[in-house]
Amino acid sequence: MKLPGYYSSGQFARMAGVSVRTIRFYDKQNILKPSYVNPVGARFYTDSDLAKLQQILLLKYLGFSLEDIREMTIGNTDYHLLKNSLNLQKKLVQDRIEQMQLVESAIEDTVRAIEEEHQIDWSHMLDLIHLTGMEKSLKLQYQNATNISARIRLHRDYSANPQGWFPWIYGQCRIRSGMRILELGCGNGALWTENLSRIPPDIQIALSDISEGMLRDARRSIGPKDSRFSFQTFDCARIPYPDSRFDLVIANHVLFYCSDLPGVCREVRRVLRKKGRFVCSAYGRDHMKEISKLVTQFDSRIVLSAEKLYDNFGLENGEEILKSCFSSIECSLYEDSITLDRAEPLIEYILSCHGNQNQILLDRYKEFLAFTEKKTAGGFHITKHAGIFSCSP
């Protein structure tokens, strides 16, 4: 009996240009499960499975292990996520191209040293060896980009406040011509790409992040020819700039990740000019609380974050932490909430969190999708409790 919209294993394999044995292997490895298994055990696949297989084959081509692929492809079969997934895969290919160009350069330098000096330059050879062990780094960068994009999309597409978080933050910064600005933990540069038309032409903006992958995404998004921006990778507890360098330092959802928060505050105070300002954002205890409640209703073992970030630095304790370095501190709240009636964007956000949810949901994705669809069918409200501290020395 033929099922409309479903393909047998053989049909599916021919469409994808792979063997049936490959399809069965991915099924056995729990990387690509069939959408339907009939009572006699025949497996059937859909177009959405083909989209996921495309991603699996690309990641395999780029050199990732099956375990890496299993972690990196969970939940990405929904068509409305396909464009986002493809854009992230494009970035991953660009990263691979750039790193392979470095490998090529290292090989050329080593060959040149052999030809000109008749000996091997071991430093170049060591560089080459380190460059070829890049899968772990690329995997982390890909997952970071995926997670940040998922969180931004949920807020951007379903928030009640029409202004949006990044335009609001930009307005709170009171940016004017001639300023020198440092952003700590810039991520993919969304603060600036969403406000490019508002940025004065005669301004200097230094973007930093501890992740080279994130900084590379920011550079691509902003464009390499925009002379207002410079990019540098460093830990914000050790800012490599001289004293009194900046008029404004921005830390957007960064401080709660810092292990040496007092040290970061001292460094920010050091690089600020006498009349400069430090703008840093934080969450409150009620932020997105409905999402945590939803996942624990599905499985009480799920914890979306191994630590409560607002305990590290939040709206409730931020002023007390900051006052050791800053004499004037003002708090402004961003009035907003989220309402949605679709499961997929919510699931995408949940999978992007830093907790143990993927370990549990990996084998129960379809069950969790059905559960979330039921919860969101009549409209699902999410509390947002976020704001900024504006600090002066």
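Guide: Two strands pair if DSSP finds at least two bridges between them; strands (E, at least two residues) and helices (H or I, at least four) are DSSP runs numbered from the N terminus. This is a predicted model, in which local features need pLDDT of at least 70, side-chain atom pairs count only at pLDDT 80 or more, and totals for chains, interfaces and linings use all residues. Residues are numbered from 1 along each chain as its sequence is written, and side-chain values use heavy atoms, with hydrogens and water left out.

Visitor: Which residue in β11 stands opposite Ser-337?

Guide: The residue opposite Ser-337 is Thr-383. Strand β10 (residues 337-340) and β11 run antiparallel and are joined by four bridges.

Visitor: Which residues of β11 lie on the covered face, and which on the uncovered one?

Guide: In a regular strand, side chains alternate between the two faces of the sheet. In β11 (residues 380-383), Phe-380 and Ile-382 form the covered face, whereas His-381 and Thr-383 form the uncovered one.

Visitor: In what order do the strands of the three-stranded open sheet stand?

Guide: The order is β1-β3-β2, with antiparallel pairing. The edge strands, β1 (7-8) and β2 (36-37), each pair on one side only. Two bridges connect β2 with β3 (residues 43-45), and Tyr-36 has Phe-44 in β3 as its bridge partner.

Visitor: Why does Lys-289 count as partly exposed?

Guide: Buried means under 20% relative accessible area, exposed over 50%, and partly exposed in between (1.4 Å probe, protein chains only). Lys-289 counts as partly exposed because its relative accessibility is 42%. Lys-289 lies in helix α12.
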